[in-house]
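Student: Please give me a close look at one part of this model, with its surroundings. Start at a loop, then go to the rings and the pockets.

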Amino acid sequence: MSHLLPPCAEEEASICVSSSSGRNNKTRCISIGRPGGLEQLRLVYLKDGIVTVGYNLTDFCPPPFTPRVDKSNLIPPGCVVLNNEAFSVNYADCCIRWGLYESAKRFVGWPIVPGFDIAGTIDLMGGNSGDFKSGDRVFGITLFGAYSSRVLVPVEQLRKVPEHLTTAEAAAIPAVAFTALHALSLAGHFPGKSKFQNKAILIHSAAGGVGSMLVQMSKILGLSPVVGVVGSSSKVNEAKALGCDV
């Protein structure tokens with residue numbers, strides 16, 4: 001059972017929350033200590049100044065938790081601490097929890113804070129943070145660690161949220177969009193002009209997360225006809241509305 005797992009050194013000893021304790025300002029995250037079902041998802045409060053981090057900042061610290069980064073001079077150059085207001089839930093996160101996601105096992109292990117997509121406002125910044133400033137509304141991706149209220153992330157993995165998008169909408173974009181772009185690249189249609197004279201494309205799960213992105217990106221790239229495959233007749237109209245020709 002999840003409550004039998006010993007706490008990590010970065011966790012608060014107690015999960016009791018009170019306004020007088022200041023616990024509401026601490027990082028809250030979902031930590032998984034070992035493979036299993038939903039019972040392995042643990043709400044964890046981290047000690048003062050500690051946030052979650054992806055595996056590509058190992059020169060600074062190993063994932064999933066940082067040392068104290070509650071002052072700008074403690075943050076590595078080119079990184080910010082994000083007040084994370086929204087994250088998406090992807091099928092990959094289920095695979096992480098089951099212990100079947102290879103890069104999660106190889107680069108993080110247990111415990112792990114799952115999740116890739118993040119969106120919120122920048123709180124603290126290290127040096128060389130580019131055009132970003134504290135308070136900017138941004139979205140992007142972290143290499144695990146997104147199921148958290150505060151995340152340390154390189155600025156190169158962030159973009160400003162377009163004004164017409166809500167924070168939650170922005171958080172739903174990165175992982176599925178990057179996956180779709182990677183698929184189009186493998187197929188020879190991106191970046192740049194398609195390598196093939198035949199511009200037809202077949203997209204499975206065309207009404208799903210990655211599939212819906214593939215349909216829209218294919219139309220933007222001028223691929224035609226866009227043929228979508230869906231799992232039930234109830235999804236046909238959605239696929240067509242996204243841009244499927246067939």
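**From a loop to the rings and pockets**

Tutor: Asn-128 sits in the loop that runs between strand E5 (117-125) and strand E6 (137-141). Keep in mind throughout that this is a predicted model. Asn-128 is not a glycine, yet its phi is positive, about 55°. Its relative accessibility is 68%, so Asn-128 counts as exposed, the cut-off being over 50%.

Ser-205 is another non-glycine residue with a positive phi, here about 50°. Ser-205 lies in the loop between strand E9 (201-204) and H5. H5 spans 209-220, and the loop from H5 to strand E10 (226-229) holds Pro-225. The peptide bond from Ser-224 into Pro-225 is cis, with omega near -5°. A cis bond also joins Pro-63 to Pro-64, with omega near 10°. Pro-64 belongs to the loop between strand E3 (52-53) and strand E4 (79-86).

Now the rings. The whole structure contains 7 aromatic pairs. In one of them, Tyr-101 and Phe-116 have ring centres 6.0 Å apart and planes at 45°, so this pair is tilted. Tyr-101 is in the loop between helix H1 (91-98) and helix H2 (102-107), while Phe-116 is in the loop between H2 and E5, so the pair ties together parts 15 residues apart in sequence. Tyr-101 counts as partly exposed, at 26% relative accessibility. Phe-116 has 11% and counts as buried, because the cut-off is under 20%.

Tyr-101 also pairs with Phe-144: the centres are 5.9 Å apart and the planes stand at 85°, so this pair is edge-to-face. Phe-144 lies in the loop between E6 and strand E7 (150-154), so its pair with Tyr-101 ties together parts 43 residues apart in sequence. Phe-144 is buried, with a relative accessible area of 2%. Ring pairs join Tyr-101, Phe-116 and Phe-144 with Tyr-55 and Phe-107 into a cluster.

The largest pocket has a volume of about 330 Å³. It is lined by 16 residues, and those closest to its centre are Ala-92, Tyr-101, Phe-116, Ala-175 and Thr-179. H1, helix H4 (174-186) and H5 each give two or more residues to this lining. H4 gives the most, with 4 residues. By class, the lining of the largest pocket has 12 nonpolar residues, 4 polar and no charged.

H4 has a part in another pocket too. The second largest pocket holds about 220 Å³ of space. Of its 14 lining residues, Phe-139, Gly-140, Arg-159, Pro-174 and Phe-178 lie nearest its centre. Here E6, strand E8 (158-160) and H4 each give two or more residues. This lining has 9 nonpolar, 3 polar and 2 charged residues.

Gly-231 lies between E10 and helix H6 (236-242). Gly-231 has a relative accessible area of 74% and is exposed.

To sum up, go back to Tyr-101. Its ring pairs with Phe-116 in a tilted arrangement and with Phe-144 edge-to-face. Tyr-101 is also among the residues closest to the centre of the largest pocket.

Conventions
Residues are numbered from 1 along each chain as its sequence is written. This is a predicted model: local features need pLDDT of at least 70, side-chain atom pairs count only at pLDDT 80 or more; totals for chains, interfaces and linings use all residues. Side-chain values use heavy atoms; hydrogens and water are left out. Buried means under 20% relative accessible area, exposed over 50%, partly exposed in between (1.4 Å probe, protein chains only). Rings of Phe, Tyr and Trp (its six-membered ring) pair if their centres lie within 6.5 Å; planes under 30 degrees apart count as stacked, over 60 as edge-to-face and the rest as tilted. On a 1 Å grid over the protein atoms alone, a cavity is a set of points where a 1.4 Å probe fits but cannot get out, and a pocket is an open set with protein on both sides within 12 Å along at least five of seven lines; lining residues have an atom within 4 Å of a point. Grid points are joined across faces, edges and corners, and a volume is the space filled by probe spheres set on the points. Ala, Val, Leu, Ile, Met, Phe, Trp, Tyr, Cys and Pro count as nonpolar, Asp, Glu, Lys and Arg as charged, and the others, Gly among them, as polar.
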